[in-house]
Amino acid sequence: MKNYVLADGVGGQSICLRTAHGKFVSPQPNGTINVVPQQQAWEKISVEHHQGRVALKSHHNKYLSAQPDGRLEWNRDQPQDWEKFHMEHCGNGQVALKTHHGGYLSAQPDGRLEGNRPQRQAWETFFSGPC
């Protein structure tokens, strides 16, 4: 997979997000999130820019939402504050996503995604690239 980073102000692009563990973020129709070894249609994520933040929209037309306790749900119809993230460009095609509540998205080795890490390290970065 070729890596690239989205430019500020660009909207409507689709990406796939690959975790530090080599798996792809896969929003499910029921609002849960899996990670899978290969990218297919469900792993295609639309990036919408909203005044310096981004909203991530799934193949199922739902937005990723970060809850105050760090849980992530991919089940919102419209992007409000909890559905908007600060996208930090980390170099080498990697990005980090910081929630409205101040935590970073983090991919765990067991496949769980959480939005509660206080600082960015390897598990909090994702390779962003075209699907």
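Modeller: The following account takes the cysteines in turn and then moves to the aromatic rings. The model is a predicted one. A search of the whole structure finds 1 disulfide, and this bond joins Cys16 to Cys131, with a distance of 1.9 Å from S to S. The torsion about the S-S bond of Cys16 and Cys131 is about 120 degrees, so the disulfide is right-handed. Cys16 belongs to strand S1, which covers residues 13–18, whereas Cys131 lies in the segment after strand S12 (126–129); the pair therefore ties together parts that are 115 residues apart in sequence. The two partners may also be described by their accessibility. Cys16 has a relative accessible area of 0% and is buried, while Cys131, at 43% relative accessibility, counts as partly exposed.

Cys90 calls for a separate comment. The closest cysteine sulfur to that of Cys90 is in Cys16, at 18 Å, which is too far for a bond; a disulfide would require the sulfur atoms to be within 2.5 Å. Cys90 has a relative accessible area of 25% and is thus classed as partly exposed.

As to the aromatic rings, the count of aromatic pairs comes to 0, where a pair would need ring centres within 6.5 Å.

Key
Residues are numbered from 1 along each chain as its sequence is written. This is a predicted model: local features need pLDDT of at least 70, side-chain atom pairs count only at pLDDT 80 or more; totals for chains, interfaces and linings use all residues. Side-chain values use heavy atoms; hydrogens and water are left out. Rings of Phe, Tyr and Trp (its six-membered ring) pair if their centres lie within 6.5 Å; planes under 30 degrees apart count as stacked, over 60 as edge-to-face and the rest as tilted. Helices (H or I, at least four residues) and strands (E, at least two) are DSSP runs, numbered from the N terminus. Buried means under 20% relative accessible area, exposed over 50%, partly exposed in between (1.4 Å probe, protein chains only).
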